[in-house]
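Please walk through the fold below with an eye to what lies on its surface and what is packed inside.

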Amino acid sequence: MRSMLVVVAVACVLVSRAECHTSTTPTPLNSCKAFSTCDSCIQNTKCLWCMTNDTCTDYPVSYILPPPAVCKLSQARWGVCWVNFEALIIAMAVLGGTIIISITVCCCCCCCCKKRQSRPDRDEERFARRKEEIRQRADERKVERKVRHDDIRKKYGLVPDSDHPYSKFENE
């Protein structure tokens, strides 16, 4: 955890120094060789300090990382004197990986939560099924009641146009 805080602090320092010094320190070309200390060299973001031979050189902008011919990564300094390029690369990789993993986990959690909310709950399904069963039983009872009432009407001759024997007397 402590090393992660150091990495974040280094990244913040590098970013803030790079932003501040690129806009405020205009330097003519080939001026990096004039610096004799690491602190004065890294103030210019176009310069790279090499600890093996204590020289300030122009940062090779055609490469992302300085090639071994210019300076070994473990001895190259840029941004701050106390962090070498190897540590900087590892720190940025860990920080970038952590951010990517965090974003991925957040997206997956959001997608899973939406899936859970979009489909009905088990309780809701059970309630809907029970409600449908109750409605079907009520319909069945209603049909049975109607049949019983119709039978009673037939028995007492209350149904019009029926074949009941007493209907003959009513029609005459």
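**From surface to core**

The protein exposes about 13700 Å², of which carbon and sulfur atoms supply 60%; accessible areas come from the Shrake-Rupley method with a 1.4 Å probe, and for residues only the protein chains shown count as cover. This is a predicted model, in which local features need pLDDT of at least 70 and side-chain atom pairs count only at pLDDT 80 or more, while totals for chains, interfaces and linings use all residues. Residues are numbered from 1 along each chain as its sequence is written, and side-chain values use heavy atoms, with hydrogens and water left out.

The protein has five helices and four strands, and from the N terminus on its elements run α-α-β-β-β-β-α-α-α; here helices (H or I, at least four residues) and strands (E, at least two) are DSSP runs, numbered from the N terminus. Of the 172 residues, 22% count as buried, where buried means under 20% relative accessible area, exposed over 50%, and partly exposed in between.

The largest nonpolar core has nine residues, namely Leu48, Cys50, Tyr59, Cys71, Ala76, Val80, Val83, Phe85 and Leu88; such a core is a set of buried Ala, Val, Leu, Ile, Met, Phe, Trp, Tyr and Cys residues joined through side-chain atoms within 4.5 Å. Strand 1 (47-50), strand 4 (80-84) and helix 3 (85-118) each supply at least two residues of this core. A second, separate core of eight residues includes Cys38, Cys41, Ile42 and Trp49. Cys50, a member of the largest core, is in contact (heavy atoms within 4.5 Å) with Thr55, Val70, Cys71 and Gln75, if its neighbours within four places in sequence are left aside.

Strand 4 is mostly covered, with four of its five residues buried. Strand 3 (residues 76-78) runs antiparallel to strand 4 and is joined to it by two bridges, which meets the criterion that two strands pair if DSSP finds at least two bridges between them. Trp78 has Val80 as its bridge partner in strand 4, and in the hairpin of these strands, with one residue between them, Gly79 takes a positive phi near 95 degrees.

Together with Leu65 and Ile89, Ile64 makes a nonpolar surface patch of about 280 Å². Patches of this kind are made of residues with over 30% relative accessible area and no salt bridge, nonpolar side chains (Val, Leu, Ile, Met, Phe, Trp, Tyr) being joined within 5 Å and like charges within 9 Å; a salt bridge is a side-chain nitrogen of Lys or Arg within 4 Å of a carboxyl oxygen of Asp or Glu.

Technical notes. Buried means under 20% relative accessible area, exposed over 50%, partly exposed in between (1.4 Å probe, protein chains only).
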